[in-house]
Amino acid sequence: MCVAVLVTLAVAGCGGSGKGQAGNAASNGATGSSKQYAELRWGLLTWPGGIDDLKVIWPQSYEIEGLVAQNLVEAEPDGKPKPGLASSFEQPSPTTYVYHLRSGVRFSDGHPLTSADVVYSLQRNITGKEVWTHGYWINVASVTARGPDTVVIKLKRPNAVWQDVMLFTSPITEKAQLAKIGEKALGTPGNLPIGTGPWKLDGFTPEASAELSPNPYWTGAKQPAKKISITVFKDEASLALALRSGAINGTFGYAAPKTFADISGVPQLKAPGTSETQVVINTAQPPFNNVHVRRAIAYATDTKGIIAALYPGAATEEASIVPSSLFVDLGSTSQVNELIDGLPKYEFNLEKAKQELTKSPYPHGFATTVYAPAPEASLVSATEILASDLAKIGITAKIHEVQRDEEQPSLYAKVTLFVSTTYSVYPDPEGMMSSLLPPAQIPVPNVAHFNNAEVNKLQTEESETLNTTKRLQLIGKLLGVVGAEVPYVPVFTPDALGSLSAQYVFPTFSNWTILFRPWALDVKLAS
């Protein structure tokens with residue numbers, strides 16, 4: 001919707017091989033001190049909207065609410081689900097999931113957590129008209145309380161990745177507050193989420209700042225920071241300047257590694273990533289509803305050139321809309337490589353691009369607009385490279401730099417070409433496919449407006465298949481169709497990146513530990 005960009009389900013950057021492994025601990029591998037410190041000063045890029053993980057499709061919201069409202073299920077550094085607000089969970093049948101709540105948990109206002117709070121929060125995914133997570137819950141038959149400390153979710157059909165979906169769709173906030181203020185108000189400055197996490201929100205000024213203090217009723221690991229001050233910046237250049245001056249201690253999820261490299265006293269955090277930067281093509285609009293036009297654009301996308309110019313040593317070229325690192329639990333390296341090798345390929349070749357264009361109703365090209373997220377300087381640069389190469393095959397592409405306040409469904413409904421980054425929020429191919437492919441996700445995050453009957457059928461089948469070997473085969477067939485139709489042109493997978501002052505360490509830093517969970521519990525003073 002990382003994320004960066006058009007954040008299609010969120011998380012910080014990506015790349016590399018291996019599923020969401022933990023990265024360096026602020027470059028020194030230390031585990032940190034147990035001492036509390038006075039304040040953690042953090043920096044985020046500005047985003048449209050408030051602080052509500054289910055309504056706001058931006059990672060900045062997740063970075064904040066993850067400190068305040070716990071999810072029932074959280075991610076390990078490798079992305080595997082573990083109990084969060086739930087003390088344990090079980091699956092007594094292929095379509096039934098039981099969550100046992102931790103005892104003695106209180107919200108930051110002192111009210112005790114009950115199963116009624118959990119049911120009310122989870123049902124927002126089903127009944128909330130404004131929540132972006134609704135598409136992930138259309139397979140849910142019921143959410144019910146079984147006594148004061150147990151919640152049962154029943155699905156209509158099996159779902160191979162249900163616990164992964166819970167990683168980002170189960171933030172629990174107080175029922176009394178939600179019922180009082182209503183869905184639309186939650187997350188606005190006067191109606192900040194009340195959760196059970198280690199910190200509570202004391203204030204929020206959109207496009208400016210947020211302040212958090214320890215939740216006095218928190219019974220988990222001691223909060224390292226007595227206060228968290230978050231400053232919001234309009235672009236990555238000003239964010240990097242604040243790091244250089246010491247105005248902030250850290251940030252993560254940025255899209256311009258060169259801007260943040262070599263800042264004295266602020267080493268970079270780095271881990272394998274699982275997002276992907278893509279050229280999104282609106283398949284519902286002419287001339288892009290013609291497959292030969294889309295293939296021409298694919299051949300005219302200089303992936304290697306973009307990586308060399310903008311992400312040398314910090315990105316991986318990809319062959320499909322799913323980064324290869326997301327396949328790690330579905331098959332061996334040789335099986336995954338065989339699948340990827342069999343997909344349609346579009347190596348940069350302007351002659352082949354021209355040949356494809358001659359097969360379309362636009363053999364001499366056409367004029368269009370290509371969109372790019374203005375705050376992400378590197379993505380604007382990638383768009384400039386793309387536009388230059390498109391001009392060589394007769395496609396004149398005017399660049400429109402999209403400002404944060406423009407990124408709304410009304411814009412996504414009309415964009416033609418869009419260079420953006422899509423973030424997988426769990427370590428499975430479905431984490432990316434469930435964002436980009438289902439018609440239910442049009443226009444956000446399926447900005448390509450892609451609706452293919454065969455793909456829809458295959459995606460339903462693979463998501464309900466519990467056998468991993470069979471799932472891998474179905475996903476391979478699905479990606480083959482997507483590759484031939486080219487609604488998205490894969491460009492690269494960037495590494496998950498962050499920056500943190502050398503006085504701190506973040507030993508669990510990974511693509512999976514920075515969103516939807518209380519990540520600041522792991523930001524400790526260096527020993």
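Predicted model: local features only at pLDDT ≥ 70, side-chain atom pairs only at ≥ 80, totals over all residues.
1. Start with S229, which sits in strand 10, residues 228-233. Is S229 buried or exposed? Its relative accessibility is 15%, and the cut-off for buried is under 20%, so S229 counts as buried.

2. Strand 10 has a partner in strand 1 (residues 40-45), and the two run parallel over six bridges. For S229 in particular, the bridge partner is R41.

3. Strand 10 also pairs with strand 9 (residues 209-214), this time in the antiparallel sense and over four bridges. Here E211 is the residue standing opposite S229.

4. Which residues does S229 touch, once those up to four places away in sequence are set aside? They are E39, L40, R41, W42 and A210.

5. Turning to the helices, helix 3 (residues 162-169) is mostly covered, with eight of its eight residues buried. Among them are W162, M166, L167 and F168, but also Q163 and D164.

6. Helix 13 (residues 429-436) packs on helix 14 (residues 453-463) at about 145°, with the axes 12 Å apart. The crossing is left-handed. E430, M433 and S434 from helix 13 meet Q459, E462 and S463 from helix 14. By type, the residues of that contact split into one nonpolar, three polar and two charged.

Note on methods: Residues numbered from 1 in each chain as written. Heavy atoms only, no water. Buried < 20%, exposed > 50% of the residue type's maximum accessible area, 1.4 Å probe, protein only. Axes fitted to C-alpha atoms, helices over the stretch in contact; angles between N-to-C directions. Left-handed = near helix turned anticlockwise from the far one by under 90°. Contact = heavy atoms within 4.5 Å. Nonpolar A, V, L, I, M, F, W, Y, C, P; charged D, E, K, R; others polar. Pairing = 2+ DSSP bridges.
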